[in-house]
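This briefing has been prepared for a reader who wishes to examine the architecture of a single chain. Please consult the sequence and coordinates alongside the text.

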Amino acid sequence: METPALPVPEARSAIPPALRGILPVLVALPVLALFQWVTNESPFAVYLLSVMGVNIILAVSLNIVNGMTGQFSIGHAGFMAVGAYISGVMSLNLKEVALSFLPVAASDQVLFTLALLVGGLAAAACGFLVGLPSLRLRGDYLAIVTLGFGEIIRVVVQNTDAFGRALGLSGIPQYSSPYMIYFWVFLTVLVARRIAGSSHGRSLWAIREDEVAAEAMGVDTTGYKVRSFVISSFFAGIAGGLFAHFVPIINPGSFTFVKSMEIVVMVVLGGLGSTTGAIVAAIFLTLLPEGLRSAFNLLGTESTLAQKVDQIRMPIYGLLLVVLMLSRPQGLFGTRELWDVLPRWIPRRRRGLS
Amino acid sequence: MRRLAPMLLAALAVLAAACEKKTQPAPSGEGGAQTAQQAQPAPGGETPAGSDVILLGQVGALTGGQATFGISTRNGIEMAIKEANAAGGVKGKKLAIRVYDNQSKPEEAAQAATRLITQDKVVLILGDVASSNSLAMAEKAQAAGVPMITPSSTNTTVTQKGDFIFRVCFIDPFQGYVMAKFARENLKLGKVAVLQDNKSAYSIDLSDVFTRKFTEMGGKVATTESYSQGDTDYRAQLTAIRKTQPEGIYVPGYYSEVGIIARQAREVGLKVPLMGGDGWDSEKLFELGGTAIQGSYFSNHYSPDNPDPRVQKFISEYKAAYGGVPDALAALGYDAARVAIEALKRAKDLSGPAVRDAIAQTKDFPGVAGTITLDDKRNAVKSAVVLKVGDGKTEYVTTVNP
């Protein structure tokens, strides 16, 4: 499932330099189209895949801050909320508007993309505002500031008429499709991997390993931290925007501290710093509750146990997490990527990028 | 960074191109709502016909902030289904229900509803209590053409989602009418004051309707003051109210504020009764209000003290099965399931539109929480009860019919 999303910069020398930048895009698009075609028939599969895609974007983007840079942000749901509400309100207001030179469906998608970008940029701006003062500090301060930010966003939304207050915002046009969502998944992963492999990424790793040493070597630690934080917030905003356009109603209850922790769990479970780890963990944790539901349904419709048991799904989920963290404290992959842990007979990629 | 710019440009260009591609799937997402309505009922009608079980679905908050709501509702529904099965089922088949938890979150509610519709192929969905969760489910049920009955979501927008969405409880504005009628006809009040919560759509709805109806019935609303949820000092508003010398005060808020308002009203010398809506319905009201709140009235869905034998039978059976007195949510869950079962019996087959039409015809249905008739907006036109706050418990006063 994650194959279409992975960047494929394999053929380094065989590809002319001009093509290198867009090659992954060219490879990914047909795969995504196929993906869209396959899932078109089942609304449940589409819904589940959409949730999964959004979770992947969130986990991968948070991994840029928590994994690569070694900062601890626990307010990711706040940035997601900014993106969700800004793009949601924009789409609601542009519902009746269409670009005259395009067919209606196409212009909807253009406006949707625009709304997403505005949401993402708003989240990035918030990320900048939150990050600039707090990232000058070290350690746990960022955690507290981001936590506070998430709560502020939630309370503001809850008390603003334009955002539907506690009841939430409903009637947002349902523009998100797996194609669109996985296109953004792909972009997020691409950006995350390119950052990891660049000199920018090297500086981030250096900050993560030893901030004092990095600074002594001439790394502008605050600058790098703020930049990675802004990029991460931008994608969280995009994820929120996508989320708002396939969930029938968004309300403040969806963007609580618990949601932030879910994303942190994905990153930690996958291995701090491992992009593919974050992807695998996001997929796993999205499918796990539904998988448990299926397992309980096997007990039969008649059985009252199957009914009662839907409630204990979440404790079981929690228990599995505890077991996983006890048996693999470094996460599924540690800082390595998927291809580093594959069995030997599968040809490996060069260890060029991290 | 230099590499990134052309790459992003290329990506955007391709994205724009991709939009063209989206033209085919997009209509099937929205326009599909209509086509699905015709397409869906066929499998929906066939699958249960093949087996000897009719599967219903419920989505409720079994965990999370509103867990007691979901569990009470589930108990009520379960009871109704057991009764129906004991009486021989529907169309010679047994009924079964599949319950999914939504963790009190709308996105989980939508996911669970989608799963019930497309994977389990239920003929009908029941749930949820919180209006935001019901709204999320309604969107999915309407698009798939599967009827949905919400037992206790009172927000008006829920049934506006489409013709497959019903409710068996009254809507928020109705409560304002109930209290106006009760104040005018039973309490014979001539002049009242209103104290509304400006932060809650529910409170504003109720007070607007109350003011309009009470004036129409010949009463006079002397003044309307407002507060914000979470305030702790209401003396300024109450003093202003006292100046107008009202015979009663309408406070359509939640129990958390109402308790304090009652205490402070007595402090500033207002001895008149307070009146409110179902937001008062909590054990906490007695604790917060103490003796100050005693003798006040509020409208609710149902009262366990209602002497009607139908209600007393339900209560004794519920007690035997689950222990404890059923709350309004259990009663509404029970009613919703029974309305659904009656409709399934009457429907000519089990397809979505047939069941929908059968539900829409529900008329004078004898529910535990009032007699249910569905109007053309798919809301229940039904009676509400008025309760009087006593010492640590409520007393049934009267039933107000629409």
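The points below cover chain B by topic.

The structure is a predicted model, in which local features need pLDDT of at least 70, side-chain atom pairs count only at pLDDT 80 or more, and totals for chains, interfaces and linings use all residues. Residues are numbered from 1 along each chain as its sequence is written, while chains are lettered from A and ligands numbered from 1 in the order in which they are written.

**Overall composition**

- Chain B contains 15 helices and 15 strands; helices (H or I, at least four residues) and strands (E, at least two) are DSSP runs, numbered from the N terminus.
- Of the 402 residues in chain B, 56% are buried. A residue counts as buried if 20 or more other C-beta atoms lie within 10 Å of its own, as exposed if 12 or fewer do, and as partly exposed in between, with C-beta atoms placed from the backbone.
- Among the contacts in chain B with a separation of 6 or more, 67% join residues 24 or more positions apart. Two residues are in contact if their C-beta atoms, placed from the backbone, lie within 7 Å.

**Domains and nonpolar core**

- Chain B is assigned domain 1 (39–170 + 331–382) and domain 2 (173–300), with bounds that come from an automatic or database domain assignment.
- The C-alpha centres of domain 1 and domain 2 of chain B are 34 Å apart.
- The largest nonpolar core comprises 223 residues, and those with the most contacts inside it are A:Ala59, B:Ile125, B:Ala141, B:Ile249 and B:Ala340. Such a core is a set of buried Ala, Val, Leu, Ile, Met, Phe, Trp, Tyr and Cys residues joined through C-beta atoms within 7 Å.
- At least three residues of this core come from each of domain 1 and domain 2 of chain B.
- Leaving aside neighbours within four places in sequence, B:Ile125 has contacts that include B:Gly57, B:Val59, B:Ala141 and B:Met148.

**Parallel sheet and its helices**

- An open sheet of 5 strands in chain B has the order S2-S1-S3-S4-S5, with parallel pairing; two strands pair if DSSP finds at least two bridges between them.
- At the edges of this sheet are strand S2 (94–101) and strand S5 (165–167) of chain B, each of which pairs on one side only.
- On average, neighbouring strands of this sheet are turned by 25° against each other, direction ignored. Axes are lines fitted to C-alpha atoms, for helices over the stretch in contact, and angles run from 0 to 180 degrees between N-to-C directions.
- Strand S4 (residues 148–150) of chain B pairs with S5(B) in the parallel sense over 3 bridges, and B:Ile149 has B:Phe166 in S5(B) as its bridge partner.
- Helix H6 (residues 106–118) of chain B lies across strand S1 (53–60), S2 and strand S3 (124–126), running at about 175° to S1(B).
- H14(B) lies across S1, S2, S3 and S4 of chain B, and runs at about 170° to S3(B).

**Antiparallel sheet**

- An open sheet of 3 strands in chain B has the order S11-S12-S13, with antiparallel pairing. Its edge strands are strand S11 (365–367) and strand S13 (380–381).
- S11(B) and strand S12 (residues 370–374) pair over 3 bridges and form a hairpin with 2 residues between them.
- Across these two strands, B:Gly367 has B:Gly370 as its bridge partner, and B:Phe365 stands opposite B:Ile372.
- S12(B) and S13(B) pair over 2 bridges, with B:Thr373 opposite B:Val381.
- The hairpin of S12(B) and S13(B) has 5 residues between the strands, and B:Arg378 in the turn has a positive phi of about 65°.

**Selected residues**

- B:Arg338 is found in helix H14 (residues 328–346) of chain B and counts as buried because 23 C-beta neighbours lie inside 10 Å.
- Not counting residues up to four places away in sequence, B:Arg338 touches B:Ala80 and B:Gly367.
- B:Lys188, in the loop between helix H8 (172–186) and strand S6 (191–197) of chain B, has a positive phi near 55°. B:Lys188 counts as exposed because it has 9 C-beta neighbours inside 10 Å.
- B:Gln245, in the loop between helix H10 (235–243) and strand S8 (248–250) of chain B, has a positive phi of about 50° although it is not a glycine. B:Gln245 is exposed, with 11 other C-beta atoms within 10 Å.
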